[in-house]
Amino acid sequence: MDQPAIRKIIHIDMDAFYASVEQRDHPELRNKPVAVGGSSQRGVVAAASYEARKFGVRSAMASSLAIRKCPDLVFVKPRFEVYKAVSNEIRAIFADYTPLIEPLSLDEAYLDVTDNLKNISSATRIAEEIRAKIQETTQLTASAGVSYNKFLAKLASDFRKPNGLYVIKPSQGLAFVEKLTVDQFHGIGRVTAAKLNQLGIFTGWDLRQQSEAFLKKHFGKVGHYYYTIARAIDERPVTPDRLRKSIGSENTFDHDLTTEAELLAGLQPELDAVWRICDRMQVIGRTVTLKVKFADFEQITRSRTVLSPIVQKTLLDRMGMDLLTALFPLPKGVRLLGISLSNLEDAGHISGQQLRLF
């Protein structure tokens, strides 16, 4: 029986994407520490330039903490429509090489170039060409990882950041993985890494010594994934046009909201934002989830699922508002409200039906 062909997977990751776009478009920001996000007391850093990262500024960090770490930090309001337009330019470059493109976000994607549109046998050469075209087209840099599966390609793209290229060949995969600490594994977060450490598992080599049964006992179904990646195995295909699991929007307010009128008014823009994304992506969903974070950082969620997909904005609005009003009177002030839609599916199959914004 013929052996299956070794796959050729590329992971492309733009370098400090949002911040780099701002530095490109505003020359006065170049070589300065830049954070994209809100500078208010309750703002959050959405992205940080490499100049800012040297001070320990990271995405999802509170703006107040970022300023303490880097007093000269320059905040820039995000321009998501611009980032989306640049992302489309980059994806058009990918499409010249392969239809098997799996976007993970605006700034990163997997590409399967095992069989590619230019009949180039070397995935490394393709990655080099793509990086050069991205820089020529957008004046931005990208890092790339090349390997025989998605897990290793993702690790490789992180290995030479920024503006780097790294290749992990089939003969190198196992040795590469065993030297990593578990917190370097894509898919293992801080909490899971701490739990692994408590079990005496600190490196990829340590992880490979564990049986699948042991890992499933301690981590459930995901234990199988840990078992395979410790052996540099990842059979997940590159899946084009992957449907998102959920669409959400949230906002942290400048002051705590306490009255019913304030809270309902505060939720409306998030409902509008979710629906705009649904309309643009032509997706629909059946589960609405409300997220509330109180002034003392306690957080609760409330969800409701309907049998038929939500195809009108009025229904989404009503479900979101009903979830919120059911909580009144709230016991304390609210610092954040969010809404998300899940159980998504493609809207295109609904005959004669289009999403209606108004």
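Visitor: Among contacts between residues at least 6 apart in sequence, what share joins residues at least 24 apart?
Guide: In this predicted model, 64% of those contacts do. Contact means heavy atoms within 4.5 Å.

Visitor: What should I know about the numbering and the cut-offs?
Guide: Residues are numbered from 1 along each chain as its sequence is written, and side-chain values use heavy atoms, with hydrogens and water left out. Local features need pLDDT of at least 70, side-chain atom pairs count only at pLDDT 80 or more, and totals for chains, interfaces and linings use all residues.

Visitor: How many helices and strands?
Guide: There are 13 helices and 14 strands. These are DSSP runs, numbered from the N terminus: helices are H or I, at least four residues, and strands are E, at least two.

Visitor: And how much of the protein is buried?
Guide: Of the 358 residues, 45% count as buried. Buried means under 20% relative accessible area, with a 1.4 Å probe and protein chains only.

Visitor: Switching to Tyr226. Where is it?
Guide: Tyr226 sits in helix 11, residues 222-229.

Visitor: Why does Tyr226 count as buried?
Guide: Because its relative accessibility is 4%.

Visitor: What does Tyr226 touch?
Guide: Leaving out residues up to four places away in sequence, Tyr226 touches Gly187, Ile188, Thr192, Leu207, Leu215 and Phe219.

Visitor: How far apart are Tyr226 and Gly187?
Guide: In sequence, 39 residues. In space, 8.9 Å, C-alpha to C-alpha.

Visitor: Last one. What box do the C-alpha atoms fill?
Guide: Roughly 65 × 50 × 50 Å, along the principal axes.

Notes: Buried < 20%, exposed > 50% of the residue type's maximum accessible area, 1.4 Å probe, protein only.
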